[in-house]
Amino acid sequence: YIKIVLCVSGLLNSISSVKRGLSHIASILISTLLVTSLSASTYYFAINQGEGSIKIWDSALKARVEAAVERAVVEKVVYSLGETHTNVTVYVRNTGSLFITVSKILVDHRETVNAITSTSSANLTLNSGQLGWVRATLPYAVAEDEPHLVTVVTSRGNVISGYWKGK
């Protein structure tokens with residue numbers, strides 16, 4: 001800042017020595033005014049750009065926080081074994097603050113068919129703290145004493161999975 005002021009005042013002094021119109025003090029005052037006004041306009045522009053950027057980041061982070069608040073727990077899995085198929089009942093509790101919708105049940109990475117829910121709708125929707133179940137059919141029989149990977153997928157893309165033994 002000081003170098004710019006001295007440079008501008010030196011330029012103004014060289015002009016004033018030729019025309020004898022400006023004194024040394026007047027040239028320093030004019031150069032200080034010029035540098036201050038340019039600095040103020042640059043500062044004002046930078047602050048306004050920063051506020052817009054903060055608003056964009058704030059809205060993006062708020063959306064990420066909402067997705068993180070969706071939480072559910074698989075409380076129990078019951079297998080009903082048949083000769084050619086297996087009925088699987090998965091009990092899910094919503095432990096988050098947002099409602100959740102169970103959109104898919106997988107057993108050992110295979111999709112289930114013919115899903116029936118405790119709410120009698122196509123997908124199970126649970127409010128905060130609510131417990132519900134999904135009963136689905138596997139087109140094959142599972143081994144009774146082996147653990148099976150049960151995966152619950154929500155409509156927002158969150159995945160809850162764990163191993164459950166059939167009994």
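The legends below describe close-up views of a predicted model. Residues are numbered from 1 along each chain as its sequence is written, and side-chain values use heavy atoms, with hydrogens and water left out. In this predicted model, local features need pLDDT of at least 70 and side-chain atom pairs count only at pLDDT 80 or more, while totals for chains, interfaces and linings use all residues.

View 1. The strands, which are DSSP runs of E with at least two residues, numbered from the N terminus, follow the order 1-2-7-5 with antiparallel pairing. Strand 1 (72–81) and strand 5 (113–117) stand at the edges with a single partner strand each, so one side of each is left without a neighbour in the sheet. Neighbouring strands of this sheet are turned by 20° against each other on average, direction ignored, where the axes are lines fitted to C-alpha atoms.

**View 2. Strand 1 beside strand 2.** Two strands pair if DSSP finds at least two bridges between them, and strand 1 and strand 2 (residues 86–94) pair in the antiparallel sense over nine bridges. The bridge partner of V73 in strand 2 is R93.

**View 3. The hairpin of strand 8 and strand 9.** Strand 8 (residues 147–154) pairs with strand 9 (residues 159–165) in the antiparallel sense over seven bridges, and P147 stands opposite K165 in strand 9. This hairpin has four residues between the strands, and G157 takes a positive phi near 95°.

**View 4. Charges over rings.** A charge sits over a ring if NZ of Lys or CZ of Arg is within 6 Å of the ring centre and within 35 degrees of the ring normal. The charged end of K76 sits over the ring of Y91, 5.7 Å from its centre, and that of R156 sits over the ring of F99, 4.9 Å from its centre.

How values were computed: Axes fitted to C-alpha atoms, helices over the stretch in contact; angles between N-to-C directions.
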